Amino acid sequence: MRFRCKWHRRGIATRIFPAVIALLLVCGCARESASPEAKEARLICAAVPPASVIIIGELHGTAEAPGLFRELVQCRSKASTNGLLVGLEIPPGALAAVMELPADATEAETLHHLSKDGFWKNAKDGRTSIANLDLIEFLREGQMDGRLTVFAFDGRRSATDNFSGIATDALKDALSQTGSKGSSPDVLMLTGNGHATMAADNGSLGRGLAAAGMRPYVFQTAFGSGEAWVCRLGECGISRVGSGGCKSRTSAEIKTAESTVHTICLPISTASRPAM
């Protein structure tokens with residue numbers, strides 16, 4: 001069984017008491033820095049220069065991809081001198097629904113509140129997963145502490161809308177509101193692997209940002225094996241994923257290849273079900 005140093009039930013953080021913490025230290029669970037997600041995050045942090053735009057592509061509906069992004073946020077926020085902007089591929093209203101909750105909201109209160117939002121109630125493509133809700137709650141804490149600013153960049157109203165243009169405009173708006181006085185903040189954006197590309201189409205976040213002069217570093221998450229909650233041909237549920245083997249880019253390769261799609265390889269994927 002895989003243990004985490006912080007347990008969450010349905011995405012709501014629970015308090016770990018001192019005796020339990022001592023037990024975790026004995027069994028080695030507190031060594032988060034040894035995880036594959038932390039290792040990849042450190043590699044990206046070291047390779048990508050400050051004040052850059054980093055796009056992380058994920059396979060929706062896994063626990064590991066949001067975990068990787070969380071590790072990257074922690075690493076980048078410590079190194080940043082001009083602030084950190086964190087973008088998520090969800091509607092602005094869906095982000096606001098979580099951000100406006102008090103930090104001490106119970107599980108029941110959280111789920112009742114989110115049930116009033118159409119995205120959290122109806123979207124089953126993996127973006128409303130327990131792991132992603134947990135990630136947003138973590139980001140909410142960071143914003144409250146003044147360590148980062150969170151924004152949503154999926155403002156599409158229909159499937160035919162220009163995702164790339166809408167997301168690029170959302171980032172521009174977030175940058176204009178940071179009040180950075182000429183300095184450029186670090187930017188992290190979490191999106192689906194299908195948007196973490198440099199393809200010449202309206203779905204490519206990387207191409208859209210590059211066209212706006214932002215020169216992004218683009219990463220897609222791959223898995224050796226495991227499961228994910230995904231939608232395929234209109235059917236949503238847990239599916240097997242992974243190619244049996246994958247390889248991450250080296251630090252040297254990342255440094256010399258901005259506006260190129262890199263691979264983040266994690267050994268295993270664990271499915272994360274919808275929070276509701």
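Visitor: Hi! What relative accessible area does Arg156 have?
Guide: Arg156 has a relative accessible area of 28%, so it counts as partly exposed. Buried means under 20% relative accessible area, exposed over 50%, and partly exposed in between, using a 1.4 Å probe and protein chains only. This is a predicted model, in which local features need pLDDT of at least 70, side-chain atom pairs count only at pLDDT 80 or more, and totals for chains, interfaces and linings use all residues. Residues are numbered from 1 along each chain as its sequence is written, and side-chain values use heavy atoms, with hydrogens and water left out.

Visitor: Which side chain meets Arg156 in a salt bridge?
Guide: That is Asp154, at 2.8 Å from N to O. A salt bridge here is a side-chain nitrogen of Lys or Arg within 4 Å of a carboxyl oxygen of Asp or Glu.

Visitor: And Asp154, buried or exposed?
Guide: Asp154 counts as buried, because its relative accessibility is 5%.

Visitor: What else does Asp154 pair with?
Guide: Asp154 also forms a salt bridge with Arg127, with the closest N and O atoms 2.8 Å apart. Arg127 lies in the loop between H6 and H7, and Asp154 in the loop between strand E5 (149-152) and helix H8 (163-176), so this pair ties together parts 27 residues apart in sequence. Helices (H or I, at least four residues) and strands (E, at least two) are DSSP runs numbered from the N terminus.

Visitor: Which residues make up the whole network?
Guide: Salt bridges link Glu89, Asp125, Arg127, Asp154 and Arg156. Within that group, Glu89 and Arg127 meet at 3.4 Å, N to O, and the two residues are 38 apart in the chain. Both Glu89 and Arg127 are buried.

Visitor: New topic: what does Pro91 touch?
Guide: Leaving out residues up to four places away in sequence, Pro91 touches Phe119, Ala152 and Asp154. Contact means heavy atoms within 4.5 Å. Pro91 sits in the loop between strand E4 (84-88) and helix H4 (92-99).

Visitor: How many residues are in the largest nonpolar core?
Guide: It has 39 residues, and Ile56, Phe69 and Trp120 are among those with the most contacts inside it. A nonpolar core is a set of buried Ala, Val, Leu, Ile, Met, Phe, Trp, Tyr and Cys residues joined through side-chain atoms within 4.5 Å. Apart from that core lies another, of 18 residues, including Leu85 and Phe163.

Visitor: Where does pLDDT stay under 50?
Guide: Over residues 1-32. pLDDT is the predictor's confidence in each residue, from 0 to 100. The chain averages 85.
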